[in-house]
Amino acid sequence: MIASLLSSLAYALTVTSTSPQSNLIPPGMPGQIVFSVRNTSATTLTIASIVKAVPVSTACSAYTDPPVAILSNFGDPIAPGKQQQFVVTTPGINPMTQGPCTYSINTSAGVSSLTINFRAAPNAGSAVKVELQPIDMVFSAPIGSNEDQATVLTNYESTDLAGYTVKLTNPSFTFVGGTCDGMTMCQPPTITTGNYLGLTVRCRPTAAVQTGQMQVFESGAMGSGSAMAIPLGAQIATTNLSCNGVMTPPQLHFIDDPIAISAPVNMTGTSSTTLENLGGSAETLHSISITGTDSAKFGFTDTTSCTGQTCNFTPGILVPPSTMIGVTCHPVDTTTMLTATITAVGSASTAVSHLACQGTAASAPVMSVSPPSITAHTIPVGAMDTPTPNTVMIRNIGTLPLQNVQVTIAGMGSADWQMMTPCTPPAGCTIANGSATSFPVFFTPKTHGDRMATLQVHASNYSPDKFLDLIGTANGGVLAITAPIPNEINFGTLPRNQLSQQDVTAANTGNAMIFVNVTSPSPFSSTVSAGFSLPGSSSNTFKVGCNSPTAGMFDDTIAITSTQAYLGSAQAVAVRCTVAPIDVTVTPTDYAFGELFKGSLAKHKDIVVTNPTTMPVDITRLAITGSRPGLVLTGAITGTTTLAPNGGMVTANLTLDPVEETDLTGVNFEIDVQGSTLSYPVTGKVVHPHSTIAPAHLDLGTACVGTRIRGTEMLINDGTATLDVFTPVMDQGFTTMFNNPSTYPSKLAPGGHASVDLVPSTSVTGMLHGTLMWGDSVPNTYSVDVDLEYVSTGAALSPRALAFGTIDVHATSDEQTITLENCGLDPVQIKVAGVVSSKGAADPWLVNRPSGYLKVLGTHDKLTINVSFSPHASGHYEAQLELEVGAIGTPGTHQTVDLSADAIGTDATQTSFYSCASCSGQGAKARGWPIALAIVLVLRRRRRSH
C-alpha cells in the first residue's frame with residue numbers, strides 16, 4: 001500500500017493505493033487501480049480534479065470517475081476524518097510495463113500529488129488472473145457508526161468468473177447493497193471476461209482497531225434451510241481490512257427542532273422531546289433552561305428538578321441512554337405564536353432547540369410529524385435502501401382525533417421513494433388524540449442522481465399541512481451513442497483490401513462507471529475490440545472501419561453494449577460499405593474536413609490513386625458530386641487516364657476554402673475505374689464561432705460567516721463552431737473548482753457550455769472581491785468581477801436568479817439548487833408560495849417543493865429547493881419562485897428567485913456536424929448535455945429585525 005501525507009498544505013490528505021498490482025494485468029487489457037483520499041485535517045475540503053501530472057510511462061492514464069459502488073464524486077465535501085474513493089483505469093499495456101504514474105490533486109485548499117505504481121504481466125505463467133482492488137483498505141469511523149468503502153473485483157481470465165464466493169473474516173465488516181447486502185459471505189453475480197464488479201464493504205467499529213480480510217474463493221457458498229454449506233474452493237484474491245474506531249467527544253442533541261406545543265387558550269399544553277448524545281463518549285446532563293421573549297409562558301413537566309424555566313440535575317443524568325424532556329406552554333390566544341429557546345448543558349457539550357406554542361379552540365387536534373428529514377444511503381439505481389428503513393411518526397398531541405389523515409410523496413424524485421402506511425388517499429386514516437402512527441419509508445431509486453422528494457401529511461380537520469424532506473442519491477451508468485447522429489455510417493464504395501475508418505463516440509451520461517464492449521462483424525472492425533471503461537459524464541471516441549479482400553455489398557451493425565448500464569445497455573451503429581472488384585489504392589480514405597471557422601485558412605486533401613497490380617488500369621472519371629461554396633477539386637479527370645503497372649499513379653487536390661458558412665453533407669468524391677465507381681463521402685462544415693459569458697458580474701451577495709458557498713460561472717458556445725476553451729484563472733479572493741470539464745484546455749461543442757465553480761478562499765466578516773479571466777478560440781478573453789459579503793446575522797438566499805439557457809422542447813434541463821440558510825440565533829420560517837409566471841406558461845418550471853411547503857430553520861440550518869425547466873412549446877420564459885421568509889408564525893418577508901429560459905423546437909437546434917472526442921456540454925439533455933446558466937446570488941439581508 002502506498003501512503004502519502006500531504007503535509008505542505010494547510011490541511012492533510014492520506015492517499016492509499018496498491019504497489020505493485022500483483023503482476024496480474026494481461027497485456028492489451030485495461031486494469032483498474034482503486035485508491036482512497038482521506039481528509040486527516042480539522043477542516044472540510046473538496047477535490048476539484050485529479051489529473052495526470054508527470055507521465056513516467058505511456059501506460060499512465062488520466063483520472064476516471066468512481067465505479068458503480070463508490071459513494072461520492074468530485075465536488076462533494078470531505079468532512080474531517082472522512083474519505084472519498086476513486087479509480088484510475090490503465091489502458092491496454094505491454095508485458096512488464098510498469099508505473100509509477102504521478103497525478104495532481106486539485107482541491108479547494110491547494111494542489112498536491114500522489115503516485116500510483118502498477119505492473120502488467122504476460123498471460124503465460126499466471127494460473128489465476130483475478131484482481132481485488134485495493135489490496136489494503138483502512139476504515140475510520142466513530143465507534144458504533146458506519147463507514148463504507150468500495151472494492152473492484154476484475155476478471156482478467158479468458159473465461160467468465162461464475163460460482164465464486166466472497167467472504168469477510170470479521171463480523172464487524174459486512175457487505176452493503178446488491179445481492180450480498182448485510183452478509184459476510186455470499187456468491188455475487190458472474191463477472192464476464194475482461195469486466196469487473198464493484199462490492200461495497202461496511203465497517204461498524206466496536207473497538208479502537210479491528211482487522212480482517214475480504215477473501216475471494218473459486219467456489220463454495222453457505223447453504224440455506226436444511227442445505228449444507230458447500231466447501232470453499234481455492235482462494236484467488238485477498239484484501240486486508242483495518243478499521244479504526246474513533247472515540248468521538250460527547251454531543252448532546254434535541255431530536256425535535258422546533259418542539260411544537262398546542263393547547264386550548266388559557267390552558268396548559270404539554271409536549272416532549274428526546275435528548276440524545278450523538279458523540280461516542282458518555283455525557284452528563286447538568287441543566288436545562290428556557291430563554292427568550294416568551295419564555296415566561298413555557299415550563300417543564302418535571303417539578304422535582306425544575307423550577308420555572310430552569311432545571312438543575314444533581315449529580316447529573318447520564319446520556320446515553322437518551323433522556324425524555326417534557327415541556328409545557330400556556331397560550332394566550334389562537335393567533336399568537338409563542339416562541340422560545342431551550343438549552344441543555346452537559347459536562348462537555350450543549351444542545352439548543354426552539355419552542356413553538358400555538359393556542360387552539362377549546363377542543364382541537366394538533367399534528368406533529370418527525371423527523372424533519374430523511375437522508376438515505378447512496379445506492380445503485382434499482383436497489384433499495386435497506387437494511388435500516390427510515391421511520392416517520394405522526395403524532396396527535398391535541399384534544400380531538402385527526403380525521404382523514406393522508407400521506408403523499410411529491411416532487412421530482414417522488415417515484416424513487418416508497419412507504420408502507422395505512423394513511424393513503426383517498427380514505428386516509430384517523431389518529432386519536434394522544435396517539436401516534438409510524439411507518440417505514442424506503443429509498444428505491446429508478447434513475448441516477450439526486451432524487452429529492454417531499455412527504456406531505458394532510459388532515460381534513462387540521463391546518464397547515466406538515467412536510468418532511470426526503471433526500472437520496474443514486475448511482476447508475478447510462479450508455480448512449482453521441483456520434484454519429486443518426487447512428488449510421490456509410491463508408492461508400494471502396495477498393496479491395498483497403499481499410500477505411502470513421503469515428504464513433506460512446507458516452508456515459510450517468511454518474512457511475514460502466515464497462516463497454518464493442519462487437520464488430522466482419523468485414524467491419526473497431527479499434528476497441530477489448531472494450532473500455534467509461535466513467536460517469538464522460539465519452540470515448542474510437543474508430544470503426546471496413547476492409548474486405550472480396551467484392552460485395554455489406555450491411556450490418558456494430559453492437560455497443562454494457563451490462564453495467566441501467567439504461568441504454570444495448571446500442572448499435574448501422575454500418576454499410578460496398579467493396580468493388582478493383583485493386584487500386586486510394587489515399588486518403590477519410591475525406592472529413594471537420595469544422596473550419598469562416599474566414600480562416602483553407603484546408604487541403606492531397607489525393608493519390610496508385611495502381612499496385614501488374615496490369616495497366618484505366619481511370620475515366622475523377623470528380624466530386626455536388627457543389628459547395630469554397631469546395632474545389634484540382635486535377636479532375638473527365639477522359640481516360642491509364643495508370644501504369646506496379647505503381648503508376650495520378651494525383652489530385654481537394655480544397656475547402658471557408659469563405660462562407662456551408663455544410664458538405666451529400667457531397668461525394670468519386671473515381672470511375674475499370675467500369676466500376678469508387679465513392680467516398682465528403683464531410684465537413686464552415687462555421688461561425690461565437691460565445692458569451694454568464695453572468696457578466698458574479699455577485700454572490702451575502703453569506704453566513706463560516707459557510708462555504710460556491711458560485712458558478714459559465715462560458716456558453718452560442719455559435720455553430722466547436723471552440724477551444726482555455727483554463728479559467730482567478731486572481732484573488734476565490735478558488736476555482738473545475739466542474740465541466742474537469743481539465744483544460746478542452747473542446748466545447750455548439751450549444752454547449754463550460755462551467756467553473758468559484759469558492760471563497762476565506763470566511764470572515766467583510767467583503768471579498770476577485771477577477772476571473774477566461775478565454776476561448778473565438779477569440780475572446782472575458783474578465784468577470786466576483787463579489788461576496790460575509791455577515792454574522794440575518795437570512796441568506798442563494799441564488800437570487802437561475803437562468804437555464806436554451807432547452808429543446810420536450811427535453812428537461814438538469815436541476816439547479818436554491819439554498820436558504822439561517823445565519824442568526826432565532827428560528828426562521830420558510831414558506832414556498834409557488835411559481836408565478838411573467839412570460840410564458842408556469843407549468844414548465846418543475847420545483848421539488850410543493851406550494852404551501854413550510855419549514856422552520858434553526859441556527860445555521862439550511863433548506864434546499866431544486867428547480868428544472870421542461871418546456872412543451874418554444875419561446876422565451878420568465879417566472880419568479882415566490883418565498884416568504886420570517887419569524888415563526890408570521891407572514892414573513894416576500895422574497896423571489898428569478899427564473900429564465902428559452903425553449904426551441906428540435907428543427908431549430910444547432911448541433912456539431914461531426915463527433916468531438918472531448919467536447920463538453922453538447923446542447924440540451926435530449927441531444928446531449930443541457931445548457932444551464934447559474935447566476936448565483938445571495939439575498940442581501942433587509943436591515944431590520946423580524
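Predicted model: local features only at pLDDT ≥ 70, side-chain atom pairs only at ≥ 80, totals over all residues.
Buried means under 20% relative accessible area, exposed over 50%, and partly exposed in between, with a 1.4 Å probe and protein chains only.

Residues are numbered from 1 along each chain as its sequence is written, and side-chain values use heavy atoms, with hydrogens and water left out.

**Whole chain.** Switch to cartoon. The chain has 78 strands and zero helices. Both are DSSP runs numbered from the N terminus: helices are H or I, at least four residues; strands are E, at least two. Show the surface next.

**Confidence.** Colour by pLDDT, the predictor's confidence in each residue, from 0 to 100. The chain average is 81, and 83% of the residues score at least 70. Select residues 62-72. Here pLDDT is below 50, and the stretch has 43 contacts in the model beyond near neighbours in sequence. A contact means heavy atoms within 4.5 Å. Move to residues 222-228. pLDDT stays under 50 there too, and the model has four contacts beyond four places in sequence.

**Ile-317.** Zoom in on strand β23, residues 310-319, which holds Ile-317. Ile-317 counts as partly exposed because its relative accessibility is 27%. Now select Glu-283, Thr-284, Leu-285 and Thr-323: Ile-317 touches these, not counting residues up to four places away in sequence. Draw a C-alpha distance from Ile-317 to Leu-285. It reads 4.9 Å, for residues 32 apart along the chain.
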